[in-house]
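Subject: Structure handover

Hello,

Please find the structure below, with the notes that go with it. Let me know if anything needs checking.

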Amino acid sequence: MNVTVHGPADGDPLWFVMGWGNTPAQPAVGWLLDTLAEAGFRTRAVEIPTNVSRFEREYLDPLAAAVDDGPGADRVLSHSTGGLIAAHAIDAGVLPERAVHLSPWWGLHPSQRIPFRVLGVLPTDRELTSVEPDRETLGGLAEPSERGSNGLSPSFVREVRRAQSSLPAAGDEEVAFCTLTDGLVGVDAIGERLPADRIRLYDGGHECFASAGRESIVADAVAVLRDGPGALE
């Protein structure tokens, strides 16, 4: 689990748990980190492994160790698989409760349910299925070629499903941003975990920071990080 630091040295501390396959080198992620820096945040961006055999040992424990070594923070931002990790980390007291989750992967997309059930029964942690989302799925400003191709392993699928099935209740300061046409996460799970007044809908792809309206979307996310869920009213 790699952590890089972005933004002014005297900025407000922010932890950003990135999505599966995301890195700061990707143009859309870099744009987001630059925008957070301009908003006055000192962001610690957490790049997560794309293949794990145990959710707690390879996601939660390394994240807790990184936070212990850092300056602490009052706020957290997450994206996709990072939103699943962050939800459990907040419940464990590792991360603060004021959180903005961008397209959190709290439930499987309908297209994933049967393939994941089949893949998950295989007794291996080898990456068997290549995944390379297209620009339409990610967002109109995404550059899929910059992401590279990652593979899904049965062990990763099993651990994601287990973490989703044990998803803790949301805290009062958790907010989610999502699009109802998301092709990679189950938006029904977002609606089940959070009330409507703590969900900000947008038009675009899975990566709001790669979508055409990203300036206003991220401005709203920054406002929530600053002022809490009331900023959406």
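Ser103 sits in the loop between strand E5 (99-102) and H4. The model is a predicted one. Ser103 is not a glycine, yet its phi is positive, at about 50 degrees. The residue counts as buried because its relative accessible area is 0%.

Ser80 also has a positive phi without being a glycine, with a value near 55 degrees. Its place is the loop that runs between strand E4 (76-79) and helix H3 (81-91). With a relative accessibility of 8%, Ser80 is buried.

Helix H3 comes next. Of its 11 residues, 10 are buried, so the helix is mostly covered. The buried set consists of Thr81, Gly82, Gly83, Leu84, Ile85, Ala86, Ala87, His88, Ala89 and Ile90. Just after H3, Gly93 has a positive phi of about 80 degrees.

On cavities: the count is two at 30 Å³ or more. The second largest cavity holds about 30 Å³ of space. Its lining is made up of Leu32, Leu36, Leu77, Leu102, Val218, Ala221, Val222 and Leu225. Helix H1 (27-38) and helix H8 (214-227) are the elements that give two or more residues to this lining. H8 gives the most, with four residues.

On cysteines: how many disulfides does a search of the whole structure find? The search finds zero. A disulfide is a covalent bond between the sulfur atoms of two cysteines. For Cys178, the closest cysteine sulfur is in Cys208, at 10 Å, which is too far for a bond. The cut-off for a disulfide is 2.5 Å between the sulfur atoms. Seen from Cys208, the closest cysteine sulfur is that of Cys178, again 10 Å away and too far for a bond. Cys178 is buried, at 2% relative accessibility. Cys208 is buried as well, with a relative accessible area of 2%.

On the surface: Val121, Leu122 and Leu128 make up a nonpolar patch. Together these residues have about 260 Å² of accessible area. Leu128 belongs to the loop between helix H4 (113-119) and strand E6 (129-131). Is Leu128 buried, partly exposed or exposed? Its relative accessible area is 43%, so Leu128 is partly exposed, given that the partly exposed class lies between the 20% limit for buried and the 50% limit for exposed.

One glycine remains. Gly11 is located in the loop between strand E1 (2-6) and strand E2 (12-17). At a relative accessible area of 13%, Gly11 is buried, since buried means under 20%. The C-alpha atom of Gly11 is separated by 40 Å from that of Thr129, and the two residues are 118 apart along the chain.

Regards

Methods:
Residues are numbered from 1 along each chain as its sequence is written. This is a predicted model: local features need pLDDT of at least 70, side-chain atom pairs count only at pLDDT 80 or more; totals for chains, interfaces and linings use all residues. Side-chain values use heavy atoms; hydrogens and water are left out. Patches are made of residues with over 30% relative accessible area and no salt bridge: like charges are joined within 9 Å, nonpolar side chains (Val, Leu, Ile, Met, Phe, Trp, Tyr) within 5 Å. Accessible areas come from the Shrake-Rupley method with a 1.4 Å probe; for residues, only the protein chains shown count as cover. A salt bridge is a side-chain nitrogen of Lys or Arg within 4 Å of a carboxyl oxygen of Asp or Glu. Buried means under 20% relative accessible area, exposed over 50%, partly exposed in between (1.4 Å probe, protein chains only). On a 1 Å grid over the protein atoms alone, a cavity is a set of points where a 1.4 Å probe fits but cannot get out, and a pocket is an open set with protein on both sides within 12 Å along at least five of seven lines; lining residues have an atom within 4 Å of a point. Grid points are joined across faces, edges and corners, and a volume is the space filled by probe spheres set on the points.
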